[in-house]
Amino acid sequence: MVAPLIDFQHVTFKYHAQAEATLHDISFQIYPGEKVLIAGASGSGKTTLLRLLNGLIPQAYAGDITGKLELNGKNIIDQTLFDLSLQAGTVLQDSDAQFVGLTVAEDVAFALENDHQPVDKIKSKVAKWASRFGLGERLDLAPQMLSGGQKQRTAMAGVLVDDGKLLLFDEPLASLDPAAGNVAMTMINRLQVERDLTVVIIEHRIEEVLRADVDRIIVMADGKIVANDTPTTIIQSGILPENGLDEPLFVQLLRKANVDVATLANVADVNSVDVQAYKQVIEDLKTPVIKQVKKNKKLVIKDLVFNYDDKHPIFNGLSTAIYQGEILGIVGKNGSGKTTLSHLLTGFLTPESGDILLDGQSLLSQSIKERADNIGYVLQNPNHMITKSTVYDEVASGLVLREVDAQEIETRTRKVLKLVDLDSMRHWPISALSFGQKKRLTIAAVLVLDPQVLILDEPTAGQDATHTSELLNFLKEINKTANTTIIIITHDMHLLANFVSRALVIVDGTLLADTTPSELLANATLVEAASLRTTSIYQLASRLNIDQPEMLNAAIVHHSTTI
Amino acid sequence: MNNLFGYKQRDTWLNRATGTAKLIGFLTLTTIGMISYDTRFLIVLSLLSVLLMKTAKIQYQEYALMLKFVLFFAIINLVMITILAPQYGVRLYGTNHVLFGSGYWTITEEQLFYEFNLLIKYFFSLPLAIILLFTTNPSEFAAGLNKIGVPYKIAYAFAITLRYIPDVQSDYRTISLAQQARGYEISKKASILARSRGAVQIIMPLVFTSLNRIDTISQAMELRRFGREKQRSWYQEQVFSRLDILIIVGSIIVGFLGITLLFVNNGRLYNPFK
Amino acid sequence: MTNKNSGFSVKAVVATGIGAAVFFVLMKFIAIPTGVPNTTINVAEGWLALIAGLFGPVVGLLVGFIGHTLNDAVTYGSPWWSWVIADAIFGLLLGLGKKYLALEYGDLSTKKLIQFNIWQAISNVIVWFVIAPIGDILIYKEAAQKVFLQGGVTAVVNTISVAIIGSLLLVAYVKSRPKKSSLRSE
Ligand SMILES: Nc1ncnc2c1ncn2[C@@H]1O[C@H](COP(=O)(O)OP(=O)(O)OP(=O)(O)O)[C@@H](O)[C@H]1O
Ligand SMILES: Nc1ncnc2c1ncn2[C@@H]1O[C@H](COP(=O)(O)OP(=O)(O)OP(=O)(O)O)[C@@H](O)[C@H]1O
Ligand SMILES: [Mg+2]
Ligand SMILES: [Mg+2]
């Protein structure tokens, strides 16, 4: 038998600041040439495990380690970060930190420069890798001028210029639009075959990773490995939902149709799973799509014109209306202007011409603070919103500023903290939170203010299924009881398909479509133009020749958001 | 490309020269200009720098703001000197040619001449700096610094500064806006105290994000072996051409001229009053 | 923490780079009004105090040097060296307090905070009232009356700025650091 590339035996790890261990008795092997997905709820220890693999623990994060950790048959702890980096390339989650060069070319060249290689050799290698990643034209661009997807590709090229055989990815898809995510996964696949790489991916978007044929899934929960097997076996065993993770949507559909998933062959792959026999039961699930009709215009956007600079116009006369009490999704490819639009609504940016009306009143003369009394906004990057040093203070601060009385602050804050599952950590300093936990914290800090209109930029980035559905249920509830208007900007196709009642598609600053998510996902040309991808339900439907797949989707919607 | 300093691709010989040569030229000329108080030399140096700037095809609008800042700075300083030390020129040059006024407010030729020298000094380096900043690709600075003997780790620290200034700026903007949306009023409507408190609320997250950045960026760099070798190569390193040698030799000649004048004048001052 | 074999660690390199970037942005774009016309609290010096206290004298020196040089270069074209050097030495002096403050792990007692403030006040006086004016006189042959007045005003403004912003930052930083084995779910 081949020797394992990675071999962990009974590894336990405790961060310096933690009272309890974060990883408990972890044992697993990864063999050369494998592609392994590590999945697990937010805060379950995935990133921590990755840090053990690339040596950041213990070299950058202090703590207590016990057990045996080997890479290529050698103890990881005894090696320097430099030695390890020649064997394993890491792409970190934060692409702005990963991108250290002043330009694309310099960033791709970075590792080679550090090895003190001759400049002409570096140049030819950079040219080769940049053109393979479609960056050939952009070698001179600064990171500020690239889209999320381009930064991601630069990061990959910068790691691949090394000849290391192991690649580690921490949530590579988190900020990519679905099409760019697909391109990234395809790229990883191709490289793996060509260069015989071993790939370890941490990701919450399981459906999208599974499309790229992973060999194995390791499921983590509370710092332990709870399953380690092929995707088929994992899905058959139903262990993903038990651990708060999302199964691919078509599997959810099959379960809904009472198909015996546990014995179904190839159940992890929507293109080869054997479901012909179940066509009828699946078709019977069809549920009519309920079209909500809302009448009162809450926000009206009139002929909005906005540019950052003369060369790249963003909005050139955008008009639309957002209705009271609706749940609106805004989708579109990376760099289309979605975040820009929310900045215009909240007053972070001022339009060149046009108008924005809230309940018939123009917002343009109001200050940011005045608008914020009605419109709550959760930014894409949680670090930009956090001001206090502890979890509790962060959520309470908005109420303190509004001079709410102390007793009420306490009850409201605790209530929201429970809702986002951070109450037990309320006294923790924010620096000890994982990415997903920080994101939930910022959502809580806005929710506690009870805004009439709520704008959430990528609320589910870095979240697992349980936390997502708890959050969505709560949003649904305030939408029903308080008639809160909710606007969600997202790349998450599950969220789009299952939660949103109306979708605006914005591509390069123009409103490409204003429709229901089901119709949007059923329309192949629109899906492509918006850089989206259909969900696996649509693929399953097309394999089975079931028309109106949106009605199948509707069957799931019910299932996944009202538990 | 990174546009903090107004670097643009221009088709001139100064653009084609390497960053290293321009850096050496800049440092030599500004150092000698800083030391020398020989008015004739300073005037020639100023004319030379303005001439060079003309050949670099830099438009007035591009540096108008800088010019205004220097003008403001110069005026404030000259006014302060006139008020606080009206007899300083007399002390420096050792003679006393009264023009008008009396007592403390006696204005002398020496004082005016001294202030004229200062004025040239405030201005002479501006064109040189503009050339350096506007014609050098920022990516070349780090490589250039390393080449003239600055240890590569320090040169790279400088590159990181250039790389992250735009990010820090946009962080600052976003944080400021997000805090206003949370309820901090920092517009002119609020009281001074409220505004100060608001400003502190922006600085805190900026500080913490930046400290976090230090952690993650140093991890990203170590994972790609920064600091492993005694030396590192630079993608942006340019090979010296004859032009570069010429620039360096030229500025060294000017430097020598300045030094020679120090001996001729028996010191840094050129004294027309004796 | 890592890379002990060579004097200047990767973290120190990055701290210098980011430290100078933040120093530059704070110096150039951010002003906290004091109520006195045309006088603002100098936030950048407070940041310099924190970064020097965290990473030591060499980083402090370089942050002051690079940050101030860049700010001068972008604003006035070329650096005003005597003040650049003064800022660099300020960073160095405050960096000397790193071991004593032990911000990384310790908690900041009131006594330490007072001592920090005494030290920063002394450093400000040394730097702005002695080094900067003497530099102005030696390098630029400026008039003593003028440069000492300027230096004196700067020393006072900066001392107050660091006393407010620097102290706030130190306290907030220490508060954000979890103590060893202190985190548990409740
Ligand atoms: N530097 C640190 N110091 C102390 N505790 C930490 C540190 N980093 C992470 N933790 C804790 O360890 C636990 C696991 O964190 P980790 O980042 O590994 O989670 P994760 O599975 O990657 O989550 P996510 O999906 O949200 O990124 C969390 O509860 C977190 O609070
Ligand atoms: N401050 C800015 N200055 C100049 N251009 C900007 C600025 N912010 C964004 N842009 C550009 O405007 C366009 C729209 O950006 P925006 O952030 O609104 O996209 P987005 O749809 O939110 O993308 P993503 O899905 O990646 O978050 C992009 O091309 C971007 O490069
Ligand atoms: Mg993580
Ligand atoms: Mg966005």
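This report describes the surroundings of two ligands and the contact between two chains in a predicted model.

## Basis of the model

Residues are numbered from 1 along each chain as its sequence is written, and chains are lettered from A and ligands numbered from 1 in the order in which they are written.

## Ligand 1

The shell around ligand 1 holds 20 residues, each with a heavy atom within 4 Å of the ligand. The closest are A:G43, A:T47, A:T48, A:A432 and A:S434. By class, five residues of the shell are nonpolar, twelve polar and three charged; Gly counts as polar here, and Tyr as nonpolar. Domain 1 (6-248) and domain 3 (381-450) of chain A each give at least three residues to this shell, with bounds from an automatic or database domain assignment. Two helices of chain A, α1 (46-54) and α18 (435-447), each supply at least two residues. Helices are DSSP runs (H or I, at least four residues), numbered from the N terminus. The most comes from α1(A), with four residues.

The side chain of A:S42 has an N or O atom 2.8 Å from an oxygen atom of the ligand. For A:S44, a backbone N or O atom lies 3.2 Å from a ligand oxygen, and for A:G436 the distance from a backbone N or O atom is 3.2 Å. Taken alone, ligand 1 exposes 640 Å², and the protein buries 90% of that (Shrake-Rupley method, 1.4 Å probe).

## Ligand 2

Among the residues around ligand 2 are A:I314, A:K338 and A:H491. By class, the shell has two nonpolar, eight polar and one charged residues. Helix α14 (residues 338-346) of chain A gives the most, with three residues.

Side-chain atoms reach ligand 2 at several points. An N or O atom in the side chain of A:T340 is 2.4 Å from a ligand oxygen. A polar side-chain atom of A:Y308 lies 3.4 Å from a nitrogen atom of the ligand, and one of A:Q380 lies 3.1 Å from an oxygen atom. Taken alone, ligand 2 exposes 640 Å², of which the protein buries 64%.

## Chains A and B

The contact (heavy atoms within 4.5 Å) takes 63 residues from chain A and 50 residues from chain B. The two chains bury about 5,500 Å² between them, 54% of it on carbon and sulfur atoms. Buried area is the accessible area (1.4 Å probe) lost on being put together, summed over both parts. In chain B, the residues that lose the most area to chain A are B:R182, B:R224 and B:Y235, together 20% of what that side buries.

Conventions
Predicted model: local features only at pLDDT ≥ 70, side-chain atom pairs only at ≥ 80, totals over all residues. Heavy atoms only, no water. Polar contact = N/O pair within 3.5 Å; in protein donor to acceptor, adjacent residues only side chain to side chain.
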